[in-house]
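Keep your viewer open and follow along, one selection at a time.

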Amino acid sequence: MNRNLSLFLTFLKIGAFTFGGGYAMIPLISHELVEKKKWITEEEMINMIAIAESTPGVIAVNSATFVGYKIGKFWGSLLATLGVVLPSLAVIIVVALFFEDFLAIPIVANAFRGIRAGVIVLIISACVKLYKFSPKTVIGYSLMAIGLFVSLFVEFRYLSFLLILFGLVVGIGSQMIIRKVRGDKQ
Amino acid sequence: MIYFELFYVFFSIGLFTIGGGYAMIPMIEDQVVSRGWLSMEELMNFFAIAESTPGPFAVNTATLVGFDQGGILGAIVATASVILPSFIIILIIARFITNFLKYEKVQWALNGIKSIIVGMIAAVIVNLIFQNVFGGAFEMQSFDFVALGIMAVILGLRLFFKKLNPIFLIILSGILGILFYHFWPM
């Protein structure tokens, strides 16, 4: 099958089953594109997601565009983006057209309660994957702890932006200092 | 014209938020409520639907608000507008990143970003478990054993059958939700 068509269909599938946004999508991308199709490596995927997270916009869309570009340049990114968005567009329009109060249907509400619990596990695997590719250094662990506790206890509109910026600055700054100290010793 | 207004509102939401869907909530509130498109309560309902339908949260919210204001065309315009900034920005980044990645400083920055994101996702997981398993309070009555059970089943399957498709796990969580919340509630 044509690679771009296959990319489109894969992201259509990913879009249809992504509940809860960007992070929950990581195991799906990993299963379809890293393990099954082997179009990208796991490390490439993790790097792309880290970049997608630090640029403006919807993380899930950023990731789809990025992975799509890597696999099929411009058309790849366009098809991956369309693929990831079309299912939600269709589902939402159908919901808005036909269900006055969609979540008031008990069986639907209960299915989603179950899905919300299951998706937590998928987000845990996304977190573990990202951890695997993060530096296991004192600075790395400190940044993880800061990210966790600051997000838990501080509420501020631009928090995620500031935290990512902090990670970037500390990431570069700490290495430069380490270099400098080692250089001085020699 | 409403379509231009929808374009303006959702394009700027897509352009000026970093950190994904939930970081967009305050900005969506500002724009949508101040324009008199929706009351705060209506918007909260939209957020609830957006969260429990497949697809990225921000995209779903855009589709719902667009549909509410301008029918199917409004939904398409709002959705396209919220993803357009992501698409353009990522295309530009993706075009150059392969060259950037060889620079040491870019790797350092990426390492810092990955570490901080591990912490941020961990915080999301803690919050999700608090909301969905503990029911938002540290009390015995609100503790949701079914949610904990579903998480345990999905986690077990993911650990022992690594090749299992995550989509299957999402469907299974929905089925378990229907069975144990709807038909045989504890």
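Before the first stop, one definition: helices here are DSSP runs of H or I with at least four residues, strands are runs of E with at least two, and both are numbered from the N terminus. Please also keep in mind that this is a predicted model.

**Stop 1: chain B on its own.** How many helices and strands does chain B have? There are seven helices and zero strands, so defined by those DSSP runs. Walking from the N terminus, you pass α-α-α-α-α-α-α. Of the 186 residues in chain B, 40% count as buried. Among contacts in chain B with a separation of 6 or more, 44% join residues 24 or more positions apart.

**Stop 2: chain A, coloured by confidence.** Switch to chain A and colour by pLDDT. The mean for chain A is 87, and 97% of its residues reach 70 or more. Select residues 42-54 of chain A, helix α3, where confidence is lowest at a mean of 86. Then pick residues 138-153 of chain A, helix α6, where confidence is highest at 94.

**Stop 3**

**Stop 4: where the chains meet.** Show both chains together. Here 89 residues of chain A are in contact with 80 residues of chain B. On the chain A side, α1 (3-16), α2 (22-36), α3, α4 (59-98), α5 (106-132), α6 and α7 (159-185) each supply at least two residues. Select α5(A) next: the largest share of that side, 22 residues, comes from it. Colouring the chain A side by residue type gives 57 nonpolar, 26 polar and six charged residues.

**Stop 5: the nonpolar core.** In soluble globular proteins, nonpolar side chains tend to be buried together. The largest nonpolar core in this model has 106 residues. Select A:Ile123, B:Val82 and B:Ile121, which have the most contacts inside that core. Finish by zooming in on B:Val82. Which residues is B:Val82 in contact with, leaving aside its neighbours within four places in sequence? They are A:Val58 from the other chain, together with B:Phe10, B:Ile13, B:Gly14, B:Ala58, B:Val59 and B:Ala62.

Conventions:
Residues numbered from 1 in each chain as written. Chains lettered and ligands numbered in written order. pLDDT = per-residue confidence, 0-100. Contact = placed C-beta atoms within 7 Å. Nonpolar A, V, L, I, M, F, W, Y, C, P; charged D, E, K, R; others polar. Buried ≥ 20, exposed ≤ 12 C-beta atoms within 10 Å, placed from the backbone. Core = buried A, V, L, I, M, F, W, Y, C linked by C-beta atoms within 7 Å.
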